[in-house]
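Here is a short briefing on one protein model. Keep the sequence and the 3D view open as you read.

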Amino acid sequence: KNSVKAVEKELVPCSLQGKEKATLKRSQIFQIPGCKDLETKVIVVLGKAGMGKSILVQKICQDWSNGEFSQFEFVFWFDCKQISLPEKRYSLKYLLLEFFVKPQEGSKEIFEYILQNPAKVLLVFDGFEGLHDHENFPRCSASQPEKDLCSIKELLSGLIQKKILNGCTLLVTARPKDKVFQYVSKVDKTIEIEGFSPQQRELYITKYFKGLPYCDNALKLIKECEYLFSHCYSPAMCRCVCFLCETVLEIGDKSLPSTLTTVFLKFVQQKIIPMQTDATAMQNQESLAMLARIAWYLGEKHQSAMKSDLLPSKEVKEFALKYGFFLPFAFPRHSDSGEEEFGSTFSDFVIQNFLGALHLVLAEEIKDKSLTKYLSFPSKKKKPYNWLDLVPRFLAGLLFLQDDPYFCSLSNKDVKQSTKKQKTLLKYIRRLQINELCPERLLELLHCIYETQSNYLLQHVALRLKPDLCFLGVVLTPPDIHVLHSILKRSRKEFSLDLRNSSIDVQGLKDLVGLRNVASFRASLSDTVRLWKSLEQTKDYELLRASTEKFVLDPFKAKTMKDVNDLSDLVEMQEKMINCVQDVSGCSSYEIPAIKNLRKLEFALGPVCGLQGFLKLVEILAAFPSLQHLDLDALSENGIGDEGAKSLSEVFPTLTSLETLNLSQNKITDVGAEKIATALPSLSSLKTLSLYNNSICDFGAENLAKVLPVMASLRVLDVQYNKITGVGAQQLTDSLRKCPHIKNLVMWNPTIPYGVLEHLQQLDSRISV
């Protein structure tokens, strides 16, 4: 079963502009084009808890030991939660050659070699979130950090600041919401682990049960429980669900629990009950309650590990180790004292979350009225109360499970206290302004409500959702999609969804778009085209047509070359759609409404890709018959120049609906202005033309002046901040007399003498500066 962990997952390189999905081999992780060899290189691998970050770094270490990554002579791997206990202090030498591995001889020579050859050293810090209370990240103040003792945070800070071992490579794994980027001044590469696709989930489950008589039944059972199958996108959760399914099938049950809370309740119960007797039941309940208390209080300190001698009793320690809640680890012997120290860490992050929530339910000192502060959806500004971010979901679920026999078997407490806490939760949610929650808090609320499986609460939330739900830039995981889908389905309202940059998978997009009460949606073009291609391949023409009717594109802003390529793919998809519609309805033509109704298109690729991207955009402009506003004015300046202006002017006859054309700040000269002016009369609907801040001189102004009288629809012309002199200004003014339809000509230029411009203004009040 351990070999299952090696199932390859997608690694997703991230950028501040947006995430690009791409399969990345482990051998490519350390490839950083243009990076200087003499400076420390920092690579950050992001991924939610249980996504396989630790498995990835273990595989990197294994690959290195098998001869790969030959650029490194030394690889050191540290588990942050084990090395960050607050009482521990290290020097670089102690950390590398005492804590990690102790050479039998030559420690001094090896350390000197490392200091002289930092480029040959890879340092892996696994689990940045394990750094105790990393809200405070001190600067390294040690005068000789290689040899002086300091905290692990100070040591890591010195490495990041390049004060220690400058030139080495740092690989840091962290959760997406961690503050790693606040403490790392420069990240050379960021990668995010996506988790399993639906196909990879099936592969994992099949491999887990391979050779067992109920292999096929197991996959069928898990897939039937859609919510649990959605959680299997996380490798750790997938392993947990497989373990539970194995237990269920062995005892002859035919169904799996329906929520995450009931899964872990049964998971914990199945670990303990089969091995306990009546005599140990009470002791186990007490040990579990104490372990839950430890889980909570460690979580409050952002910790999941502790020194074993700090555990409250021998019974709790043995209980935690016996049933797999804790994993032991050893600290290296101190050379002076010779004593060996041991630590314990929770075997699984989700288990710590579940036990933390169990503590909140069972603990008598936590009163029902104070319970709401532990929920993480109060407001946009307020931070979640605890580092254990799954606690609110488990807490909500447990409060609605007092009568569950599994819950009762884990606790000897009276349920009256828990009933009071349940009523407090109900009252709190009834008062909550659900339609004012930010997207992240709303999703958290939906998960909590789903865990209760209370029809009243599910309906209560469904009725209070606002019709416009925006998840722009919020990562939507498969479980997020499942709970959102199940609650939207309960509402009678019609919804408009914005799913752009949400990393939604094809199946999730298909499920949401397929809902009858989802009237419209916006999603990233690549995701939308991927969905349509998938529906075309499966010949689901009915949903294909319905989803194209619901898709909204207007307004669209192209900020990257990928945006332009995606828009081009969308236009290409329309040709395929015609064939699909012909097959179903016999119609000979079909226009995707989003293409047909696009009215505003903004282009902001900047100077590097501006011309290249614009030339590609021009090729498809004719596909948008309703385009009214074409805006090429970007802060970073697109710089399409005369070549872009010429290319655009050639398609003017197809832009019959264009009313506003903004070509400001694009390095257009007289050459481009002449091409534009010659073709302008074909823009029969144009009302506003802006050529602000280009390089147009008198010859360009003359060409514009010639066509103004025939531009019957034109109302505003802006040519300020060009290189027009008094001569060009006079020509434009003369032309303006023949143009009663024009309301405003903006033409202040630094090259026009002020007196001339003032005189022209007196001649025609429509001239403005």
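Start with helix 27, residues 641-649, whose buried residues are Gly641, Gly644, Ala645, Ser647, Leu648 and Ser649. Keep in mind that this is a predicted model.

- Several elements cover the buried residues of helix 27. They include helix 26 (606-618), strand 16 (629-631), strand 17 (660-662) and helix 28 (670-679).
- Lys646 forms a salt bridge with Glu650. The closest N and O atoms of this pair are 2.9 Å apart.
- Lys646 is partly exposed, with a relative accessible area of 38%.
- Glu650 counts as exposed, at 52% relative accessibility.

**Other salt bridges**

- The structure holds 16 salt bridges.
- One of them joins the side chains of Asp63 and Arg26, at 2.8 Å from N to O. Asp63 sits in helix 1 (residues 53-65), while Arg26 sits in the loop between strand 2 (18-19) and strand 3 (41-46), so the pair ties together parts that are 37 residues apart in sequence.
- Are these two partners buried or exposed? Asp63 is buried, with a relative accessible area of 8%. Arg26 is buried too, with a value of 18%.
- The side chains of Arg545 and Glu549 also meet in a salt bridge, at 3.8 Å from N to O. Both residues lie in helix 23 (residues 541-550), four residues apart, so about one helical turn separates them.
- Arg545 is partly exposed, with a relative accessible area of 34%. Glu549 is partly exposed as well, at 43%.

**A buried leucine**

- Leu171 is found in strand 6 (residues 169-174). Its relative accessibility is 0%, so Leu171 counts as buried.
- Leu171 and Val44 are 127 residues apart in sequence. In space, their C-alpha atoms are 5.9 Å apart.
- Which residues does Leu171 touch, leaving out those up to four places away in sequence? They are Phe30, Ile43, Val45, Val57, Ile60, Leu122, Leu123, Val124 and Phe125.

**Helix 18 and its two contacts**

- Two packed helices are described by the angle between their axes and the distance between the axes.
- Helix 15 (residues 391-399) packs with helix 18 (residues 439-452) at an angle of about 30°, with their axes 7 Å apart. Angles under 35 degrees count as roughly parallel, so helix 15 is roughly parallel to helix 18.
- The crossing of helix 15 and helix 18 is right-handed. Helix 15 contributes Pro392, Arg393, Ala396 and Gly397 to the contact, and helix 18 contributes Glu444, His447, Cys448, Glu451 and Thr452.
- By class, this contact of helix 15 with helix 18 has three nonpolar, three polar and three charged residues.
- The axes of helix 18 and helix 20 (residues 478-488) come within 9 Å and cross at roughly 75°. That makes helix 18 roughly perpendicular to helix 20.
- Leu443, Leu446, His447 and Tyr450 in helix 18 meet residues of helix 20. The helix 20 partners are Pro479, Asp480, His482, Val483, Leu484, Ser486 and Ile487.
- The contact of helix 18 with helix 20 divides into seven nonpolar residues, three polar and one charged.

Terms used
Residues numbered from 1 in each chain as written. Predicted model: local features only at pLDDT ≥ 70, side-chain atom pairs only at ≥ 80, totals over all residues. Heavy atoms only, no water. Axes fitted to C-alpha atoms, helices over the stretch in contact; angles between N-to-C directions. Parallel < 35°, antiparallel > 145°, perpendicular 65-115°, else oblique. Left-handed = near helix turned anticlockwise from the far one by under 90°. Contact = heavy atoms within 4.5 Å. Nonpolar A, V, L, I, M, F, W, Y, C, P; charged D, E, K, R; others polar. Salt bridge = Lys/Arg side-chain N within 4 Å of Asp/Glu carboxyl O. Buried < 20%, exposed > 50% of the residue type's maximum accessible area, 1.4 Å probe, protein only.
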